[in-house]
Amino acid sequence: MALALAEAARGLGRTAPNPPVGCLIVRGREVVGCGFHPKAGEPHAEVFALREAGVRARGATAYVTLEPCSHHGRTPPCAEALIAAGVARVVVAALDPNPRVSGQGVRRLRDAGIDVALGVLEDLATRQQAGFRSLITRGRPWVVAKYAMTLDGKVAAAGEGNGSVSSEAARARVMGWRNELDAIAVGSGTVLADDPALTVRGVDGGRNPRPVVFDRTGRLPPGARALRPETVLVTAPTTHAAACEDSGMTVVRADDLPGALGALGSLNLSSLLLEGGPTLLSAFFAAGLVDEVRVFLAPKLLGAGLSPLTTPLRAMSDARALEDVTVEPLGPDVLVTGYLSPI
Ligand code: AOF
Ligand code: ZN
C-alpha cells in the first residue's frame with residue numbers, strides 16, 4: 001500500500017476535482033501491474049494497473065489507495081473492471097466519500113465473491129486525498145498555511161529590504177508543495193512588497209499551481225508577476241477590477257472568505273497553499289479556515305518585526321493546538337507541521 005500511495009502521489013496537483021489514486025496488482029511477492037490516476041477525464045488508477053498486469057491479474061491481489069468506484073462517471077466503474085479481470089483480493093486504504101460510491105464499490109466487489117480488506121494505511125491515504133475530500137464534503141479547497149519565521153517568531157523585519165527568513169533547503173521543499181497543490185494564494189500586500197512569481201522552479205516534471213491573489217482594494221500594479229491570464233483575482237463585490245477582467249483573469253467577487261473559498265472550490269481548486277503575509281494569514285486563521293500548518297523555524301533572532309498572526313491576544317487556553325504534529329530538521333531550519341481540521 002505504501003508503494004500504491006507513492007504511485008498515487010504522481011497525480012498530486014493534477015487530478016482535481018478527482019482524487020489522486022494509486023493501484024498495484026500483486027501476485028505472491030511480484031508486482032505485475034501498477035498505475036495512478038493522472039487527470040480527471042482519463043482512466044482511473046485500477047485501469048492502468050490492470051492493463052499492465054493483463055492475464056496475470058487473475059487470482060492476484062489489488063492494492064488501491066481509494067475504494068474502487070462503482071459508478072459510471074466520465075469513466076466506467078473500476079469495481080467491474082477488477083471483477084472482470086478475476087482479481088481474488090482487494091486491499092483498500094480508504095472509502096470513497098463521493099456519495100455516488102461511498103461503500104458501494106466495496107459492496108459490489110464482495111457481492112462478486114472478492115475478499116476485501118479495508119483501512120490499510122488509511123490515515124496516510126486520507127491525508128494524501130485531503131483536497132479531494134474537502135472539495136466533495138465541504139465544497140471548498142483544503143487550506144495549507146505555510147510561513148517561515150525566526151526563533152523569536154518574526155516573518156519579516158520591521159524595516160525595508162527584507163531578505164529571506166529560511167534557507168535554500170526550505171525553499172526547495174516549498175517548490176515541491178507548490179507542485180503538489182492546486183493553487184497558491186497571496187494577498188495584495190505580498191504582491192506589492194515582493195512581486196512574487198508564484199511558480200515552481202527546480203522540480204522535475206513540475207507544473208505551476210493556479211495563482212490566487214486576494215485584493216479588496218483594487219491597488220494592484222498591472223505589471224505584477226502574479227497577475228497572469230491563469231490567475232484568479234479574489235476581490236470584494238464593489239471593488240474596481242476592470243483591468244484584471246480585461247486581461248483575461250478569472251475575477252471572483254466574494255463578500256467574505258468562506259464565500260471566496262466556495263468560489264475557488266467551484267473552479268475545481270481542491271487545495272490552496274497560503275503563502276501570503278500576516279494580513280491574509282490572520283484573516284484565514286481568524287475565520288477558522290486554516291486546515292493544515294507548515295512552518296519553518298530559522299535559527300535566527302530578529303528583535304522587532306512582523307508576527308505571522310496578528311489575531312488579538314487571548315488566554316493560553318484559547319490557543320489552537322495542532323494535531324499529528326511532525327518535526328523535521330531541514331538544512332539549518334526546522335520544519336514543524338500539523339493539522340487544525342479533521343480530514
Ligand atoms: C477510482 N479510481 O483512480 C479514481 C476514482 O468522472 P470519473 O469517472 O473520473 O469519476 C470520478 C470519481 O471517481 C471521483 O469523484 C471519485 O469518487 C472516484 N475516483 N476512483 O476507483 C481512481 N480517481
Ligand atoms: Zn474508478
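First, the conventions. Residues are numbered from 1 along each chain as its sequence is written, chains are lettered from A, and ligands are numbered from 1 in the order in which they are written. The model is predicted, with local features needing pLDDT of at least 70 and side-chain atom pairs counting only at pLDDT 80 or more, while totals for chains, interfaces and linings use all residues.

Overall build. The chain has eleven helices and 16 strands; these are DSSP runs, numbered from the N terminus, with helices (H or I) of at least four residues and strands (E) of at least two. Its radius of gyration is 22 Å, close to the 20 Å that the globule rule gives for 343 residues, so the chain is as compact as a globular protein of that length. That radius is taken over C-alpha atoms, and the rule is 2.2 Å times the number of residues to the power 0.38. Along the principal axes, the C-alpha atoms fill a box of roughly 65 × 45 × 40 Å. Of the 343 residues, 44% count as buried, meaning that 20 or more other C-beta atoms, placed from the backbone, lie within 10 Å of the residue's own. Among contacts with a separation of 6 or more, 68% come from residues 24 or more positions apart; a contact needs C-beta atoms, placed from the backbone, within 7 Å.

Now the domains. Domain 1 is 1-128 and domain 2 is 141-339, with bounds from an automatic or database domain assignment. Their centres, over C-alpha atoms, are 34 Å apart. How many residues of domain 1 are in contact with domain 2? Four, and they meet nine residues of domain 2. On the domain 1 side, those residues divide into three nonpolar, one polar and no charged. Here Ala, Val, Leu, Ile, Met, Phe, Trp, Tyr, Cys and Pro are nonpolar, Asp, Glu, Lys and Arg are charged, and the others, Gly among them, are polar.

Next, the annotated positions. UniProt, in an unreviewed entry, places "binding site" at His44, Cys69 and Cys78. They are spread over 35 residues of sequence but cluster in space, the largest C-alpha distance being 9.0 Å. UniProt positions follow the numbering used here, feature names are shortened, and annotations may be inferred rather than shown by experiment.

His44 lies in the loop between strand E2 (30-36) and helix H2 (45-53). His44 counts as buried because 27 other C-beta atoms lie within 10 Å. Beyond four places in sequence, His44 touches Val21, His37, Cys69, Thr75 and Cys78. Cys69 is in the loop between strand E3 (61-64) and helix H3 (78-84), and is buried, with 25 other C-beta atoms within 10 Å. Its contacts beyond four places in sequence include His44, Cys78 and Asp96.

The "active site" annotation, also from an unreviewed UniProt entry, covers Glu46. Glu46 is in helix H2 and is buried, with 30 other C-beta atoms within 10 Å. Beyond four places in sequence, its contacts include Cys23, Pro68 and Cys78.

Last, the ligand. Which residues are closest to ligand 1? Val21, His44, Gly73, Arg74 and Asn98, out of 18 that surround it, with the C-beta atom, placed from the backbone, within 6 Å of the molecule. That shell divides into nine nonpolar, six polar and three charged residues.

Methods
Two residues are in contact if their C-beta atoms, placed from the backbone, lie within 7 Å. A residue is buried if 20 or more other C-beta atoms lie within 10 Å of its own, exposed if 12 or fewer, and partly exposed in between; C-beta atoms are placed from the backbone.
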